[in-house]
Amino acid sequence: MTHNPSRRIFLGGSLAASAVGASGLMTSAGLQAAPAAASDVRYGPAPGVAKLNANENPFGPSPKALEAIATAVSQGGAYYAYPAAMSLLDMIAERHGITRKNISLSSGSSPILSYAALAASKKGKILGPDLFWDTTSRAPEKQGAPEIVRVPNTADLGIDLDAMYAAIDDTIGMVHVTNPNNPTGTVLDPVKLKEFCIKASKKTLVLVDEAYNELTDDPPKHSMIPLVKAGHNVIVARTFSKIYGLAGLRVGYMIASEENTQWINNYGMGGYTLNQAGLAAAIASYDDFPFLTFTKDKIIEAKGMVMDALKVNGLTALESSTNFIFVNLGDGNADAFRQAMADKGVLIRGIYRDYTNWSRVSMGRISDVQRYVDAIPEALETMYKTQNS
Ligand SMILES: Cc1ncc(COP(=O)(O)O)c(C=O)c1O
């Protein structure tokens with residue numbers, strides 16, 4: 001093996017430190033090790049900031065992923081990532097009993113979700129609930145397509161599947177369901193969702209975004225992937241951004257029939273947008289069950305802390321099957337609460353659409369969640385002062 005001193009400096013002895021802590025600088029003298037920064041705000045939250053606003057998982061990347069990233073970048077950074085993409089496709093295919101042709105990889109699930117929306121918009125409008133993660137299904141609107149047709153939620157902010165079904169007519173090109181949903185965090189009854197998907201997919205394409213599936217109590221029970229295999233006109237999106245803790249490494253995918261995969265892939269560059277680091281991390285994390293269990297346990301612990309604190313402060317929240325909680329502020333204003341929290345270095349989300357009293361907080365490091373919990377009483381006080389002034 002060739003000894004390369006500058007590469008050794010760059011990669012360092014500790015894989016974790018080399019992969020995420022150090023950065024290389026190209027100078028006239030060659031590649032040099034930059035001083036190891038304790039925290040680089042280009043790559044993560046600033047010191048002292050509790051970042052609980054984007055449903056990320058700060059327990060990732062797993063140690064195995066970090067090791068794989070270092071290997072992949074040093075051996076493969078100069079090469080296109082085709083073999084790694086094929087390897088990940090094979091792992092996903094094997095788990096679900098499907099073939100490579102049923103899977104579209106993308107750089108995070110957002111691109112492939114957008115391609116699905118763009119493709120479907122050529123056939124008709126997109127139908128969704130009033131409150132869901134609609135970022136990608138709004139993509140066609142930017143190109144002049146009609147806005148998403150929104151179906152009112154149930155009284156408890158759930159997705160009203162009966163009303164959704166009733167709203168499907170021949171102007172609809174795709175129904176978009178996010179399960180568990182974001183920002184509510186709630187999961188649909190799997191039997192009812194399955195019945196809905198079977199019925200609805202006889203009329204139009206059904207997209208089920210399962211970004212948070214692995215965080216539910218029983219992931220296989222809640223997945224609609226078997227419906228794709230059974231030949232229904234259903235497509236399912238998944239991501240490595242949530243339980244796998246790889247949001248910054250951008251790996252996601254869609255599972256669909258061969259025909260739908262080909263059709264949707266026409267709207268983007270598919271697997272060509274993936275990179276060695278992300279693929280290596282995804283491959284190393286996919287079967288890393290000790291890490292996945294650890295991270296899920298931490299999320300459950302954090303959710304327990306938040307739910308207890310909300311109760312103490314006289315607040316309620318929806319039951320969450322995800323890594324975030326949708327908090328009912330009563331007569332409070334979620335933007336004012338977000339600002340009051342931000343002033344204390346705790347980043348959460350503000351108002352969604354016209355749900356002015358609902359506030360979303362993501363789980364994170366236990367110490368960061370503790371900061372949120374500790375900040376609640378004063379943040380509520382500030383919120384009321386602000387909104388009443
Ligand atoms: C429901 C849902 N789907 C998809 C995504 C997109 O994630 P990514 O592009 O990182 O896979 C998110 C991000 O928060 C999400 O909440």
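The legends below describe close-up views of a predicted model.

View 1. The shell around the ligand comprises 14 residues, of which Ser109, Ser110, Asp209, Thr239 and Ser241 come nearest. Sorted by class, this shell has 4 nonpolar, 7 polar and 3 charged residues, and its largest share, 3 residues, is supplied by helix H5, which spans residues 109–121.

View 2. The side chain of Thr239 reaches the backbone nitrogen of Ser241 at 3.0 Å. Leaving aside neighbours within four places in sequence, Thr239 is in contact with Ser109, Ala211, Glu214, Tyr244, Val251 and Gly252.

**View 3. The aromatic pair of Phe240 and Tyr286.** The structure holds 8 aromatic pairs. In the pair shown here, the ring centres of Phe240 and Tyr286 are 5.9 Å apart and the planes stand at 50°, so the pair is classed as tilted. It links distant parts of the chain, with Phe240 in the loop between E9 and strand E10 (252–255) and Tyr286 in helix H11 (residues 276–286), 46 residues apart. Both Phe240 and Tyr286 are buried, and together with Tyr244 and Tyr253 they form one aromatic cluster.

**View 4. The edge-to-face pair of Phe326 and Tyr352.** The rings of Phe326 and Tyr352 lie 5.9 Å centre to centre, with 75° between the planes. Phe326 belongs to strand E12 (residues 324–328) and Tyr352 to the loop between strand E13 (346–347) and strand E14 (358–362), so the pair ties together parts that are 26 residues apart in sequence. Both Phe326 and Tyr352 are buried.

**View 5. Tyr79 in the loop between helices H3 and H4.** Tyr79 is found between helix H3 (63–76) and helix H4 (82–96), and with a relative accessible area of 57% it is exposed. The C-alpha atoms of Tyr79 and Asn275 are separated by 9.4 Å, although these residues are 196 residues apart along the chain.

Definitions and conventions: Residues are numbered from 1 along each chain as its sequence is written. This is a predicted model: local features need pLDDT of at least 70, side-chain atom pairs count only at pLDDT 80 or more; totals for chains, interfaces and linings use all residues. Side-chain values use heavy atoms; hydrogens and water are left out. A residue is near a molecule or strand if one of its heavy atoms lies within 4 Å of it. Helices (H or I, at least four residues) and strands (E, at least two) are DSSP runs, numbered from the N terminus. Ala, Val, Leu, Ile, Met, Phe, Trp, Tyr, Cys and Pro count as nonpolar, Asp, Glu, Lys and Arg as charged, and the others, Gly among them, as polar. A polar contact is a pair of N or O atoms within 3.5 Å; within protein, one must be able to donate a hydrogen and the other to accept it, and residues adjacent in sequence count only if both atoms are side-chain atoms. Contact means heavy atoms within 4.5 Å. Buried means under 20% relative accessible area, exposed over 50%, partly exposed in between (1.4 Å probe, protein chains only). Rings of Phe, Tyr and Trp (its six-membered ring) pair if their centres lie within 6.5 Å; planes under 30 degrees apart count as stacked, over 60 as edge-to-face and the rest as tilted.
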